[in-house]
Amino acid sequence: MADEIKYEYKTVQAVRGTDGLVISKMQKDGWELVEQVQGLLRSTLDFRRPNRPLPRLLIGTAVGGLVILAIVTCVATALEDGGGKKDESNKPTAVRASVEPSASTPTTPGSAADEVITPQNNREFAALLKTSDSCDSANPDFATKYKGKTVAFDGSIVHMAPHGDYDTRYDFLLGPGDKGPNTGIGPAFKYEDVNILDLKLTGTEIPATVRAGDKFRFMAEVDEFTSKQCLFFLAPVSTEVR
């Protein structure tokens with residue numbers, strides 16, 4: 001049908017917590033949100049918008065230009081080949097680039113949205129890891145500002161206990177540095193109700209289990225800070241043996 005609306009589609013991946021900003025930006029550009037799928041760290045957003053028809057004058061000009069270009073190309077080809085047929089057996093095949101962004105290169109506004117926060121690239125996080133009070137106001141401030149972001153730091157298991165009545169699920173208390181149960185600085189980071197597989201252990205020698213005092217490179221997603229317990233909740237992303 002001549003009046004049928006034709007759409008163009010785009011898939012965008014956004015780090016959790018930035019969905020609203022991405023959706024707002026896309027809608028300002030005329031895109032309509034079709035589907036939103038939440039992941040552990042990222043959300044997949046599918047958009048569409050109507051193809052914008054070219055003005056008739058522009059279409060006529062473009063068609064005329066293409067006709068002229070085709071004539072010139074044919075004449076040039078005839079002069080080059082001397083009217084004979086050219087062997088195109090070795091002609092490279094053109095590859096059409098996909099317009100859809102790949103999952104490995106999410107298109108979120110600004111590269112900072114995908115950056116893993118470390119003490120080396122974020123002064124607030126560096127200061128947070130050195131605070132002597134786990135109830136310091138810097139904890140809720142950081143948790144609110146960076147909720148849903150990914151942080152990474154060298155630390156150790158301060159305490160480990162079964163979660164409720166479970167035998168294979170645990171609550172972990174983590175701290176920066178290498179002192180394990182003797183850690184005296186930084187937030188009281190907590191993984192709650194996770195098993196060993198949830199830690200996603202990596203490294204050259206992966207242990208069958210873990211215990212208090214073990215040292216790791218923790219990569220985790222910022223969740224929330226509870227002022228009543230002075231606990232800074234994280235969700236494990238990966239745990240590299242050090």
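The following is a conversation about a predicted model of a protein.

Colleague: How many helices and strands does the protein have, and what pattern do they follow along the sequence?

Modeller: There are four helices and nine strands.

Colleague: What is the average confidence, and where is the pLDDT below 50?

Modeller: The average pLDDT is 80, and 73% of the residues score at least 70. Residues 82–113 fall below 50, and this stretch has 25 contacts in the model beyond near neighbours in sequence. Where pLDDT is low, the predicted coordinates should not be read in detail.

Colleague: Why is Ile-206 called partly exposed?

Modeller: Its relative accessibility is 48%. Buried requires under 20% and exposed requires over 50%, so Ile-206 at 48% belongs in between. Ile-206 sits in the loop between β7 (201–202) and β8. Its C-alpha atom is 8.6 Å from that of Glu-240, and the two residues are 34 apart along the chain.

Colleague: What makes Cys-230 buried?

Modeller: Cys-230 has a relative accessible area of 11%. The cut-off for buried is under 20%, therefore Cys-230 qualifies. Cys-230 is part of the loop between β8 and β9. It also has a positive phi, about 55°, although it is not a glycine.

Colleague: And how is Asp-193 classed, and in which element is it found?

Modeller: Asp-193 is found in strand β6. Its relative accessible area is 29%, so it is partly exposed. Asp-193 is a residue other than glycine with a positive phi, in this case near 60°.

Colleague: How do you know that the buried residues of α1 lie on the same side of the helix?

Modeller: The buried residues in α1 (residues 19–28) are Asp-19, Val-22, Ile-23 and Met-26. They cover an arc of only 95° around the axis, and therefore they are on the same side of α1. An α-helix has 3.6 residues a turn, so residues three or four places apart point the same way.

Colleague: What covers that side, and what is on the face turned away from it?

Modeller: The cover over the buried residues of α1 includes β1, β2 and β3. The face turned away carries Leu-21 and Lys-28, which are exposed. Just after α1 comes Gly-30, with a positive phi of about 95°.

Colleague: In the open sheet of three strands, what makes β1 and β2 the edge strands?

Modeller: The order of that open sheet is β1-β3-β2, with antiparallel pairing. β1 (7–15) and β2 (32–38) each pair on one side only, and are the edge strands. From one strand to the next, the twist averages 20°.

Colleague: What makes β2 and β3 a pair?

Modeller: Pairing needs at least two bridges. Six bridges join β2 to β3 (residues 42–50), so the two strands count as a pair, and they run antiparallel. Leu-33 stands opposite Phe-47 in β3.

Colleague: How many bridges join β5 to β4, and how many join β5 to β6?

Modeller: β4 and β5 are joined by seven bridges and run antiparallel. Four bridges join β5 to β6, also antiparallel. As for individual partners, Met-160 is bridged to Phe-172 in β5, while Leu-173 is bridged to Lys-190 in β6.

Colleague: Why is β5 described as largely enclosed?

Modeller: Six of its seven residues are buried, so β5 is largely enclosed by the rest of the structure.

Colleague: Which residues touch the most other members of the largest nonpolar core?

Modeller: They are Phe-125, Phe-142, Phe-172, Tyr-191 and Phe-232, in a core of 28 residues. Elements giving two or more residues include α3 (123–128), α4 (138–145) and β4 (150–162). The largest share is five residues, from β8. A second, separate core has eight residues, including Val-12, Ala-14, Trp-31 and Leu-45.

Colleague: What does Phe-172 touch?

Modeller: Leaving out residues up to four places away in sequence, Phe-172 touches a list that includes Ile-157, His-159, Met-160, Tyr-191 and Val-210.

Colleague: For the whole protein, what share of the residues is buried?

Modeller: Of the 242 residues, 31% count as buried. Among contacts with a separation of 6 or more, 60% join residues 24 or more positions apart.

How values were computed
Residues numbered from 1 in each chain as written. Predicted model: local features only at pLDDT ≥ 70, side-chain atom pairs only at ≥ 80, totals over all residues. Heavy atoms only, no water. Core = buried A, V, L, I, M, F, W, Y, C linked by side-chain atoms within 4.5 Å. Buried < 20%, exposed > 50% of the residue type's maximum accessible area, 1.4 Å probe, protein only. Contact = heavy atoms within 4.5 Å. Axes fitted to C-alpha atoms, helices over the stretch in contact; angles between N-to-C directions. pLDDT = per-residue confidence, 0-100. Arc of directions from axis to C-beta.
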